[in-house]
Amino acid sequence: MFEQLKELIVNYVDVDPESITGESRFIEDLGFNSYDFMSLLGELEVTLGVTVDEQEIVKLHTVDEAIKYLESLKG
């Protein structure tokens, strides 16, 4: 899941994929704005076949947090 998420992240922000870690914060470290972040999550919904809860995604700040949340949706 981590590698898949990294591949998608670089489609939205100008960042070296090798610099992305589990502790990378979407806004502060990777340069996401709220629109890009929501677009990324929309793409993840389609790619993974899950539905994210907008109340929950506002709590996601790091790549690891996003992975844990998405994995919990997949069961």
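The exercises below work through a predicted model of one protein chain, each with a solution in steps.

**Exercise 1. The fold as a whole**

Determine which secondary structure elements the chain holds, and whether its radius of gyration agrees or disagrees with that of a compact globule.

*Solution.* Begin with the elements: the chain has four helices and zero strands, and reading along the sequence gives the pattern α-α-α-α. Next, take the extent of the C-alpha trace, which spans about 30 × 20 × 20 Å along its principal axes. For 75 residues, a compact globule would have a radius of gyration near 11 Å, and because the chain has 11 Å, the two agree.

**Exercise 2. The aromatic pairs**

Find how many aromatic pairs the structure holds, and work out what geometry the pair of Phe-26 and Phe-32 has.

*Solution.* The structure holds three aromatic pairs. In the pair of Phe-26 and Phe-32, the ring centres are 5.5 Å apart and the planes stand at 80 degrees; since planes over 60 degrees apart count as edge-to-face, this pair is edge-to-face. Both of these residues, Phe-26 and Phe-32, are buried. A further pair joins Phe-26 and Phe-37, with 4.8 Å from centre to centre and 55 degrees between the planes, and this pair is tilted. It links distant parts of the chain, for Phe-26 lies in the loop between helix H1 (2-12) and helix H2 (34-48), whereas Phe-37 lies in helix H2, eleven residues apart. Taken together, ring pairs link Phe-26, Phe-32 and Phe-37 into a cluster.

**Exercise 3. Buried or exposed?**

Decide from the relative accessible area whether Phe-26 and Phe-37 are buried or exposed.

*Solution.* The cut-off needed here is that buried means under 20% relative accessible area. Phe-26 has a value of 3%, so Phe-26 is buried. Phe-37 has a value of 11%, so Phe-37 is buried too.

**Exercise 4. The largest pocket**

Describe the largest pocket by its volume, and say which residues line it and which element gives the largest share of the lining.

*Solution.* The volume of the largest pocket is about 160 Å³. Its lining includes Phe-26 and Phe-37, and also Ile-27, Glu-28, Asn-33, Ser-34, Met-38, Ile-57, Val-58, Leu-60 and His-61. Sorted by class, the lining has seven nonpolar, three polar and one charged residues. The largest share of the lining, three residues, comes from H2.

Key: Residues are numbered from 1 along each chain as its sequence is written. This is a predicted model: local features need pLDDT of at least 70, side-chain atom pairs count only at pLDDT 80 or more; totals for chains, interfaces and linings use all residues. Side-chain values use heavy atoms; hydrogens and water are left out. Rings of Phe, Tyr and Trp (its six-membered ring) pair if their centres lie within 6.5 Å; planes under 30 degrees apart count as stacked, over 60 as edge-to-face and the rest as tilted. Buried means under 20% relative accessible area, exposed over 50%, partly exposed in between (1.4 Å probe, protein chains only). Helices (H or I, at least four residues) and strands (E, at least two) are DSSP runs, numbered from the N terminus. On a 1 Å grid over the protein atoms alone, a cavity is a set of points where a 1.4 Å probe fits but cannot get out, and a pocket is an open set with protein on both sides within 12 Å along at least five of seven lines; lining residues have an atom within 4 Å of a point. Grid points are joined across faces, edges and corners, and a volume is the space filled by probe spheres set on the points. Ala, Val, Leu, Ile, Met, Phe, Trp, Tyr, Cys and Pro count as nonpolar, Asp, Glu, Lys and Arg as charged, and the others, Gly among them, as polar. The radius of gyration is taken over C-alpha atoms; the globule rule is 2.2 Å times the number of residues to the power 0.38.
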